[in-house]
Amino acid sequence: MGEPTGFIHRFEPATAPGLSPLLLLHGTGGDENDLLPLGRAVLPGAALLSPRGRVLEGSMPRFFRRLSEGVFDEADLTRRTHELADFIAEARTRYGLPAPMALGFSNGANIAAALLLLRPEALAGAVLLRAMAPFAKAPEARLSGKPVLLLSGRLDPIIPADNAAGLAATLERAGADVEHHVLPAGHGLSQADIGLVEKWLQGRRVQAV
Ligand code: MLT
């Protein structure tokens with residue numbers, strides 16, 4: 001795919017009408033190919049837009065810099081969040097898409113949460129898989145009714161339970177319609193995650209196209 005937007009990405013057009021496009025955001029060390037099978041599985045027929053994070057940690061792509069595990073370079077995070085929001089706007093024009101639903105895992109879920117807080121217009125909502133609070137002090141945001149599914153792992157060694165609960169509370173305070181489940185899982189995804197995402201997205205099949 002050409003890169004006028006500055007993000008290497010994959011795009012798969014919709015093959016069924018009436019579905020929200022999915023913006024697939026991979027975890028650390030992933031790329032634009034990683035979440036395509038997940039996207040196809042949880043919302044068959046939806047358009048898939050899947051960028052590769054532009055930051056490298058060693059050889060591992062990420063969406064923003066971190067100072068250590070779970071400690072983020074917030075200036076870089078802010079800059080990268082705006083870049084990603086601009087990419088989404090350009091891709092929507094280029095491919096003729098409504099605002100997408102983010103489906104992010106780990107580092108990708110964290111930048112999806114940052115998008116909700118800094119550029120809420122970029123997303124129709126978000127599925128956040130193993131997300132943590134992206135900012136130490138959350139920016140004020142107006143998320144009036146935006147749907148968010150947050151799935152955390154009770155045994156996740158990277159994300160403390162109170163951090164994920166704090167993110168859910170921040171998004172709720174901003175007006176988002178948040179569903180938060182804590183699963184008997186670690187940082188990796190389980191079959192239960194996939195089932196919950198599928199069910200949650202099916203309840204939203206009538207997003208405008
Ligand atoms: C992050 O850096 O975004 C989180 O620590 C999750 C990760 O990517 O390991």
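Strand 9 and strand 10 (residues 147-153) run parallel and are joined by 4 bridges; strands count as paired if DSSP finds at least two bridges between them. This is a predicted model, in which local features need pLDDT of at least 70 and side-chain atom pairs count only at pLDDT 80 or more, while totals for chains, interfaces and linings use all residues. Residues are numbered from 1 along each chain as its sequence is written, and side-chain values use heavy atoms, leaving out hydrogens and water. Helices (H or I, at least four residues) and strands (E, at least two) are DSSP runs, numbered from the N terminus.

- An open sheet is built from 7 strands in the order 1-3-2-8-9-10-11, with mixed pairing.
- Its edge strands, strand 1 (9-12) and strand 11, each pair on one side only.
- From one strand to the next, the twist averages 15 degrees.
- Strand 2 pairs with strand 8 in the parallel sense over 4 bridges, and L25 has G104 in strand 8 as its bridge partner.

- Strand 9 (residues 125-129) is largely enclosed by the rest of the structure, because 5 of its 5 residues are buried (under 20% relative accessible area; exposed is over 50% and partly exposed is in between, with a 1.4 Å probe and protein chains only).
- In a regular strand, side chains alternate between the two faces of the sheet.
- Here G125, V127 and L129 point one way, while A126 and L128 point the other way.
- On one side, strand 8 (residues 101-105) pairs with strand 9 in the parallel sense over 5 bridges, and A102 stands opposite A126.
- Helix 3 (residues 107-118) carries the chain from strand 8 to strand 9 in a right-handed β-α-β crossover (with the strands pointing away from the viewer, the path from the first strand over the helix to the second runs clockwise).
- In strand 10, L149 is the bridge partner of V127.

**Helix 5**

- The 12 residues of helix 5 (residues 191-202) should span 16 Å at 1.5 Å a residue, and the end C-alpha atoms are 17 Å apart, which agrees (the expected span is 1.5 Å times one less than the number of residues).
- Which residues of helix 5 are buried? They are D193, L196, V197, W200 and L201.
- The buried residues pack against several elements, including strand 8, strand 9 and strand 10 (contact means heavy atoms within 4.5 Å).

Definitions and conventions. Axes are lines fitted to C-alpha atoms, for helices over the stretch in contact, and angles run from 0 to 180 degrees between N-to-C directions.
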